[in-house]
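User: I'm new to this one. Can you walk me through the aromatic rings and whatever else turns up?

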Amino acid sequence: MSERTPSYEAAGIEADRQAVWAERGDFEAPRPAEGQERAYVKPSSPFTSGNLHMGHVRDYSIGDAYARFRRARGDAVLFGFGFDAFGLPAELAAIERQIPPAEWVARCGERMLGQMKRLGFSFDYDRVFYSSDEGQYRWSQWLFLTLYEMGMIYRDDATVDWCDTCETTLASIQVEEGGTCWRCHDEVRLIRRPTWFLKITGYVEENDENLPKLADWDELSLATQRYIIGRSEGVELDLRAPDGRGITVFSPHRRALARARFVLVSPRHPEVDSWVTESSVGEELEGMRSGGWERSARDARSVPVIDTGETVLGPAGGELPVLVSPLVDARFGPTAALGIPDVDEADADVAARIERVGWEPPAEADGGGEGADSAPTPEVEGARETKRYRANDFSISRQRSWGTPIPVVHCDACGVVPVPEADLPVALPRDLKPTGEGNPLAERPDFVDVECPRCGAAAKRETDTLDCHFDALFLWVPSAVPPEARAEQMFTHPELREWLPAERLVAGNDSGGFVFDQRTVTKALRDHGEFAFMAEGEPFSGCLFHEMVIADGRKMSKHLGNVVDPDELVERYGADTVRLAVLYAAGPAKTLNWSDGAVRFANRFLRNLWIYAHDRIAVLEGTVDDEEAAADTEHIRDRLRKWCDNGIERITADTAALQMHKAVRNITRLFERIQDYEKRVLKRRGQLGRADAEAQLAALALLAQVLVPFAPHIGEQLLVSLGRGEGELCAWPESAAIAVAGESPATTS
Ligand SMILES: [Zn+2]
Ligand SMILES: [Zn+2]
């Protein structure tokens, strides 16, 4: 290390660069120029929890690298987000601290913004918003009224998933596979209460059929869509009871229809009640609907099954018992299905439990399973090709106070009356202090008591609020609208056409449900007119899902004491090190098992590069221009140039494909080659001539430039040290400025 080499002090370098960026407003979304490529990079919307966790750092490091890369290539970039600020977690935190949730959310948001800025994420911070802002949830209410008018929102006294711990209804995608709550992981049960639903069924098929067109979606994100949609291909046919009542049944086993032994009807099937003739069966069904069915019992061996005592005539003659079970919903949605225990394991489990089915499991070895599907069976007439989708409408209302008020009024005379659009927003009392019990909104006369907008009589406001999942339906939209225009033109501003669909969503792999619903609403607003310019009805033309960050092979949790705190890491190593480590440690499709090894590796790399580059800058002045020596090492410089060209090609491709772990690996490899180049020159001549040293600095400048998206502070500071002007720091190079024999040095661009 030369005496003149400044030591690598991450904190100081990072503070300097961040001050320059803020001063210049580098990350404000520009108005795209005519013909300029544009990219709206949409990161996940954080809950206002008060702390960034390593999953956020992963998400934003990938998104930021991509946003900076696109800017460096000359594209117009919008990199923005809003906080998902309503919802139970904020409400519970406020209850615990005995402060209004609004206050808690503001505090959390501020802290998280500070963390993001410290990490150097290049968001357009002027566009940040909170879903709990009045100007924001006014549009949630507008969306509610619009979808209500379109027939996509309805109220039904229905069976809903209910979490006793969280005291709230849950959307089906908030119920984990084992029948537990997404939030507290306690068991969920079904209850019946009046609930608002979003009808998604009208767009499920289009959402399914569009998947092959989504070329810039990674496999992980497509897989979550396929799973949520849950398409089953098969046939349907009409069966009749001896008294003439009919039912249409589905089966994925088209070649085994004649072997059906029973019919299984969903408790949510619109005609299920017509198969309930005995009062005891009616009571059983009511019990199933109102909580008797624990979601954890989704397994066919323990899921409740009700025998209605009714029968229909089977496709091959014979009588089939009609059974009711939510097992159908979990497989094919709220439909009716043929039970064919010979070929279907779940059906076999049901058949074994209901004596009236009279089915005996076949002897060992050739037992049930799909294999038996190929056994010859009589043809069944009247079977029609069809599909079923598991995806179903979901509840959007919650009996909670920290959420968007639902803009309807209940009037004794008029029934449900939507609040006129001119009267929006229906404001949530800002001083509301929930206690965790009951429904605080219902206890506020200043909120509840209103005049009916239709007849003027005394009426009551709806006291359920919208699930924050509903606000999230359009949480990707506001960033594309200048903040000052949002009050008037949230869905009609001309800039929406410039930025939408978003070029890339970068989100955790648990975002599939949000994305599915956002795709649904985009199609609805396309058909309603606002989003007519998005013909495919797709909000994201590209999508990258990444896996989570864990530690010691386990999910991070306070309880296990294995939570990695990004602040501590930044404090100790600097933001660039943390970002580089998170990107380097695993590809997006892999779970990142955090280890200090990655952070030590990244820190060592940056430190070595910093010292190495500054040492070479210092050495340049002492070198001499010697034509003969230069000719003698020409071929080594040529080799370096090829290494650089090759490296830049790979790093460009990796970054464009958001495979940041590969890009970082190729950056470290390029640094090794630059060092190798020097060793080769030294071996041949004992020292670097001026041409050799210049070539090396050109290679180092190239390296610093491609490092910028990943470790922006040190990357830019190195470029400054290498003599680049402030205006030249954000540019993606095409080649290194290394002279080739007979040519003047190519300029980087
Ligand atoms: Zn819960
Ligand atoms: Zn009325």
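Analyst: The count comes to 32 aromatic pairs; rings of Phe, Tyr and Trp (its six-membered ring) pair if their centres lie within 6.5 Å, with planes under 30 degrees apart stacked, over 60 edge-to-face and the rest tilted. This is a predicted model, where local features need pLDDT of at least 70, side-chain atom pairs need 80 or more, and totals for chains, interfaces and linings use all residues. Residues are numbered from 1 along each chain as written, chains are lettered from A and ligands numbered from 1 in written order, and side-chain values use heavy atoms, without hydrogens and water.

User: Why is the pair of Phe144 and Trp196 edge-to-face?

Analyst: Their ring centres are 5.4 Å apart and the planes stand at 70°, so the pair counts as edge-to-face. Phe144 is in helix H5 and Trp196 in strand E7, so the pair ties together parts 52 residues apart in sequence. Helices (H or I, at least four residues) and strands (E, at least two) are DSSP runs, numbered from the N terminus.

User: Are Phe144 and Trp196 buried or exposed?

Analyst: Both Phe144 and Trp196 are buried, meaning under 20% relative accessible area; exposed is over 50% and partly exposed in between (1.4 Å probe, protein chains only).

User: Which charged end sits over the ring of Trp275?

Analyst: That of Arg245, 4.7 Å from the ring centre. The rule wants NZ of Lys or CZ of Arg within 6 Å of the ring centre and within 35 degrees of the ring normal. Over the ring of Tyr227 sits the charged end of Arg390, 4.5 Å from the centre.
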